[in-house]
Amino acid sequence: MRIRIVDAFSSRPFAGNPAGVLLLDAFPDDAWMQSVAAEVNHAETAFAHPLPAGGDADWALRWFTPTTEVAMCGHATLATAHVLRSTGTTHGPVRFATRSGILVATPNEDGSLTLDFPTAPLTEEPVPDGLAQALGARPLSVRDTGPSVGDLLVELPDERTVLDLAPDLRALGLHSARGIIATAPAEDPARGYDFVSRCFFPNVGVAEDPVTGSAHTALAPFWAERLGRTDLTGLQASARTGLVRVAVRGGRTLLTGTAVTVIDGDLNTRP
């Protein structure tokens, strides 16, 4: 069984967010997929299989962290679309049937891929007691991102505060279903990005996610409203870093990035 490791939201190896990708004939037992995801031990491993022609979607797609299945994952979707395109399995847009509905990945002439995801609904909330202590910084505002994303989006005063975060992950896990998206405006937009973020997901076994597509479905509308533009670029300032180009189109958010395959090998076990 073929397995690939793809660095998503990066044009070079060893940056962006790595994801495992397995193309299958059908979904195996959930426990087997969870065991593979734990063995791969990246933020997500994607499992996909083709669907009959003529339906609403071309491929079925699921995502697992090392500890649980998740409802939405941007970087592993990008990684899966990259594998389908780079292997010649598909040539145009691909429609994925997922727990978050139909998600479309469209190849671009420059080699990038654009994902069409639902825009996260943002609801402003009071800053929860204990969040500032857990994060190690005082939030300016907090927004719930809805059930599909499952995070708290936390606005911080500046880029340096985001970069310097060293949160108490156990305490952070008390404040949302999945985790925390910390964000601030770019210190210098001339560097090629409009806002920065870091994402901590202790409740799904991911201490800090390198580059999070799903988080940008919440970051995009938040910063579009603040900055007065619908087309923006976000820098996720993890140790690996990655850039995500976003475009808010009402109820949909477009996420554009590149990917590179770094490992292509055989998985020596079957369900």
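A residue is called buried under 20% relative accessible area, exposed over 50%, and partly exposed in between (1.4 Å probe, protein chains only). By that rule, buried residues account for 56% of the 271 residues in the protein. The model is predicted: local features need pLDDT of at least 70, side-chain atom pairs count only at pLDDT 80 or more, and totals for chains, interfaces and linings use all residues. Residues are numbered from 1 along each chain as its sequence is written, and side-chain values use heavy atoms, with hydrogens and water left out.

**Overall build**

The protein has 6 helices and 18 strands. These are DSSP runs numbered from the N terminus, helices being H or I with at least four residues and strands E with at least two. Along the principal axes, the C-alpha atoms fill a box of roughly 50 × 40 × 30 Å. The radius of gyration is taken over C-alpha atoms, and the globule rule is 2.2 Å times the number of residues to the power 0.38. For 271 residues a compact globule would come near 18 Å, and the protein agrees because its value is 18 Å.

The accessible surface is about 11300 Å², 50% of it belonging to carbon and sulfur atoms; the areas come from the Shrake-Rupley method with a 1.4 Å probe, and for residues only the protein chains shown count as cover. A contact means heavy atoms within 4.5 Å. Of the contacts between residues at least 6 apart in sequence, 62% join residues at least 24 apart.

Two strands pair if DSSP finds at least two bridges between them.

| Partner of β4 | Sense | Bridges |
|---|---|---|
| β3 (44-50) | antiparallel | 6 bridges |
| β5 (residues 69-70) | antiparallel | 2 bridges |
| β6 (residues 94-98) | parallel | 2 bridges |

Phe 64 is the bridge partner of Thr 45 and also that of Glu 69 in β5. Ala 60 stands opposite Ala 97 in β6. β4 and β5 form a hairpin with 4 residues between them.

The loop between β3 and β4 holds Gly 55, which is partly exposed at a relative accessible area of 32%. Its C-alpha atom is separated by 9.8 Å from that of Arg 95, 40 residues apart along the chain.

**Cores**

A nonpolar core is a set of buried Ala, Val, Leu, Ile, Met, Phe, Trp, Tyr and Cys residues joined through side-chain atoms within 4.5 Å. The largest has 50 residues, and Trp 63, Phe 96, Leu 219 and Val 246 have the most contacts inside it. Helix α6 (residues 213-227) gives the most to this core, with 7 residues. A second, separate core of 21 residues includes Leu 135, Ile 180, Phe 200 and Ala 237. Beyond its neighbours within four places in sequence, Val 246 is in contact with residues including Phe 195, His 216 and Leu 254.

**Cysteines**

The structure holds 0 disulfides, a disulfide being a pair of cysteine sulfur atoms within 2.5 Å. For Cys 73, the nearest cysteine sulfur is that of Cys 199, 11 Å away. Cys 73 counts as buried because its relative accessibility is 4%, and Cys 199 is buried at 0%.
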